[in-house]
Structure formats: C-alpha cells, structure tokens
Amino acid sequence: MRHLMSPLDFTTEELDRLFDLANDIEKHPAKYAHACDGKILATCFYEPSTRTRLSFESAMTRLGGRVIGFSDAASSSAAKGESVSDTIRIISCYADICAMRHFKEGAPMVAAEKSGIPVINAGDGGHQHPTQTLTDLLTIRTMKGRLSGFTVGLCGDLKFGRTVHSLINALVRYDDIHFIFISPEELRVPDYITDMLKTRGIPYEEVIRLEDVMPRLDLLYMTRVQKERFFNEEDYVRLKDFYILDRYKMTLAREDMLVLHPLPRVNEISVEVDSDPRAAYFKQAQYGVYVRMALILTLLEITV
Amino acid sequence: MLNVGKIEEGYVLDHIKAGKSFALYEHLQLAKLDYPVAIIKNAKSNKMGKKDILKIECDLDSIDLDVLAIIAPNITVNTIKDGEIVEKKELTLPRQIRNVIRCHNPRCITSIEQELPHVFVLADEEKKIYRCKYCEEKYSESSR
C-alpha cells in the first residue's frame with residue numbers, strides 16, 4: 001500500500017505514468033466514469049481549503065466513487081481531543097482512501113503510519129502540498145510537451161511559499177532547468193534551497209524586477225506578495241508593482257511562455273491577463289482534477 | 001583526586017562537558033543494563049578545566065554508542081580490553097534516532113499528538129544535519 005506525502009515520493013518514471021493516465025482521463029472521461037464504483041474517499045480537512053477539497057471530491061465523483069468527510073477541525077473529533085492516529089484508524093474502517101489536510105506539519109505522515117488505507121497529503125501547514133505540485137507538473141507537461149529544458153521564473157513570495165519550494169524540488173530532477181527567482185530582498189528563497197541548487201550544479205539567478213527577465217522566461221510561476229510580509233509600508237508601496245503581472249509586462253514575454261499560479265489570485269495578476277492565451281492558471285485548476293483522479297486510481301491500484 | 005579503579009573490558013567516555021554525564025547515562029539507557037558504571041563528575045582537566053567521565057564495564061559492542069555522535073560529538077570514546085586502551089572509537093552518525101532529541105517546531109504534529117515518538121533522520125551526513133521525520137525541521141544546537 002502506498003501513500004503520497006511529498007511530490008518526491010514518486011520517481012520521475014512513476015510521475016510520467018501518472019501524467020499519461022491523467023492525460024488519458026482528459027481525453028476519454030467516459031472510460032473512467034465507473035472506475036471507482038463502490039469506493040469511498042474520506043476528505044479529512046482539519047483546516048478549511050475549499051478548492052483543494054472540492055477538487056478531490058470532484059475527482060472521486062467523476063470516477064464514480066463517493067465522498068465522506070469533514071471540512072474543518074471544529075466539526076471533527078479533533079475538537080474532542082482525538083489524536084490523528086486514532087482518527088485514521090476509524091476512517092480506515094469507513095473509507096478506501098483518505099485525503100488529509102492538517103494545520104500541523106507531518107500530520108498526514110502520522111496518519112499514513114497508522115492507516116489501513118492509502119493517505120494523500122492534501123497540505124500540512126507550511127510543509128508540503130504534493131497534489132498542487134503534481135498539478136503544476138501536469139499542466140507544464142501537457143501544455144509544453146516536456147518537463148525539461150526550461151528557464152523558469154518564480155515570482156513573488158519565495159520565502160514562505162511552500163508551492164514554490166515544492167515545485168523547485170520537483171523540477172530539479174529534470175534536465176536543463178534554469179531558475180530565475182524574482183522577489184524582494186525580504187522574500188528571497190531560503191538558503192537551504194539555494195544550497196541544494198549549488199550542490200547539484202543547477203543554475204539560478206536572483207533578481208528584484210520581473211520586467212527585466214520577462215523576455216527570457218519559458219515559464220512564469222506567480223505567487224502573491226502579501227503586505228504583512230514586509231517590514232514597513234514604504235517598502236511595500238515601493239515594490240508591490242514589480243510583482244504585479246499586467247498586459248504591459250506580458251508584451252515583453254515570449255509568445256509561448258506560460259503563466260502559472262497556484263491560486264487564489266488576489267491582485268498579483270491583472271484580470272486583463274486572463275484572456276491572454278499564455279495564461280494557464282485556470283487550466284491548472286482543471287488539470288488539478290485530472291491529476292487527482294489519476295492519483296486515486298494509482299493508489300487504489302485500479303486499472304481501467 | 002578521586003580514584004576509580006581500572007576496568008578490564010568496556011568503554012571510558014572521556015572529556016564529557018562537566019555536568020553532562022547524567023544526560024549521557026540516560027541517553028545510553030545504562031540504568032536498564034546490569035553493568036557496573038562509574039560516573040565521575042567535575043574531574044580536573046588540563047584541556048577543559050573540569051570534565052565528567054563515564055566508565056562502563058561491559059562486553060564490547062553490547063551498547064550502541066552511536067547516539068553520542070549527535071548529543072556529545074566532542075567527547076573521547078576509549079575502548080578498553082584487558083585493562084588497556086585498544087582503540088579510540090570513531091562514532092558513526094546513526095541513520096535515524098528515536099526519542100533522543102526533540103522537535104521544537106511549534107507547527108510540527110509532534111507538538112500535539114500524544115505519545116508520538118520524536119524521530120530524526122540523517123539528511124546530510126557531511127554537514128551532520130538531522131531533520132524531523134514529520135515536519136523536516138532541521139535540528140540545531142540551539143534547539144537542544
């Protein structure tokens with residue numbers, strides 16, 4: 001029995017098989033409509049996350065399975081003080097697979113150790129969010145046809161953004177990747193990431209202005225720069241426009257560049273960019289369902 | 001100067017920071033074993049001023065000393081056979097350690113889950129970096 005705790009749990013070959021399956025699901029949805037008949041997914045969400053939870057529920061429902069669960073800790077047995085270990089033992093009796101989001105880092109791993117069913121980490125604090133990374137990779141592979149040979153710009157809050165850290169860790173396993181980190185000084189990528197890149201000999205640059213590097217990017221991964229991350233208001237006002245993607249900045253980009261964003265978007269991408277064919281962030285949400293469908297089938301060892 | 005007799009076979013842990021010998025005694029779980037142990041506190045040391053020493057009369061390799069590589073990396077471990085020092089033992093960093101050091105990340109599940117062991121995994125042998133198995137927070141001296 002396998003679980004998914006980190007995007008690195010799967011080898012690149014296993015990821016290729018997962019993405020092939022997701023692409024097949026996209027092309028032939030009817031073929032998979034009853035693949036999970038009689039199966040139950042438990043969504044154990046100790047903190048609210050509407051999009052991720054609905055994406056899992058949509059995935060299981062599209063496979064013909066059913067969904068049970070809770071959407072915040074207050075409505076779960078955790079409010080009565082039950083441990084994660086005990087909860088998963090009970091859930092294992094009710095469901096065939098579990099997607100768990102928890103505010104404490106490592107909680108899904110504790111669940112996996114005690115579980116009788118596969119557990120998917122649906123986000124644990126600031127630690128991991130592997131299905132977001134799988135979504136990002138599937139989007140890139142499907143729209144670009146490959147996962148190697150890119151100049152990847154990551155823009156915004158690179159210090160606290162777990163989706164950014166996970167994506168970097170996932171992309172370094174592919175050949176010929178060049179990173180350009182675009183962020184204010186305060187929100188640069190942590191040292192452990194740049195140390196890892198140096199050790200592996202993977203080229204990277206750190207810049208402050210998005211405009212300056214736009215023409216060189218194959219992929220642009222946007223994240224939000226939150227006001228509260230800055231030390232003072234003055235810096236925030238001075239820098240915030242550097243990290244807002246608008247129509248003008250898009251004119252500097254290549255015709256085949258892709259813009260990705262883990263969503264929710266607030267104001268870091270102007271709505272005028274949404275109609276640009278290079279804007280891939282809403283398609284990403286669709287791929288998020290396909291990749292979760294493929295993941296559920298893979299972990300339940302169901303072949304169609 | 002206090003005199004403690006020689007041991008025939010076992011280990012002498014020397015150059016322990018003064019006052020730390022009881023902690024090592026506990027980490028090595030010597031209370032659970034039936035071996036003669038001498039704990040010498042605050043012995044004079046040219047190098048350290050004061051130091052602690054632990055003498056353990058035991059069968060060689062009957063105690064796993066590798067945990068010392070993490071909690072007391074600067075001590076000297078002398079292997080004794082027939083009353084003589086036969087080796088200064090090199091300690092190897094264990095791949096995984098359980099309930100020796102604690103995770104101090106307040107966001108980690110170990111901070112709330114009852115009876116969950118604190119498990120650290122060797123993430124970088126060269127830099128001697130251990131990370132919590134659950135949250136991957138790096139263990140550092142200051143969190144000891």
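I began with the largest nonpolar core, which has 112 residues; such a core is a set of buried Ala, Val, Leu, Ile, Met, Phe, Trp, Tyr and Cys residues joined through C-beta atoms within 7 Å. I took a residue as buried if 20 or more other C-beta atoms lie within 10 Å of its own, as exposed if 12 or fewer do, and as partly exposed in between, with C-beta atoms placed from the backbone. Among the residues with the most contacts inside the core I noted Ala22(A), Cys98(A) and Leu219(A). Helix α11 of chain A, residues 281-299, gives the most to this core, with nine residues; helices (H or I, at least four residues) and strands (E, at least two) are DSSP runs numbered from the N terminus.

The model is predicted, and local features need pLDDT of at least 70, side-chain atom pairs count only at pLDDT 80 or more, and totals for chains, interfaces and linings use all residues. Residues are numbered from 1 along each chain as its sequence is written, while chains are lettered from A and ligands numbered from 1 in the order in which they are written.

I then looked up Ala22(A), which touches Leu138(A), Tyr290(A), Val291(A), Met293(A) and Ala294(A), leaving aside residues up to four places away in sequence; contact requires C-beta atoms, placed from the backbone, within 7 Å.

For chain A as a whole, I found 11 helices and nine strands, and buried residues make up 45% of its 304 residues.

Technical notes. Contact = placed C-beta atoms within 7 Å.
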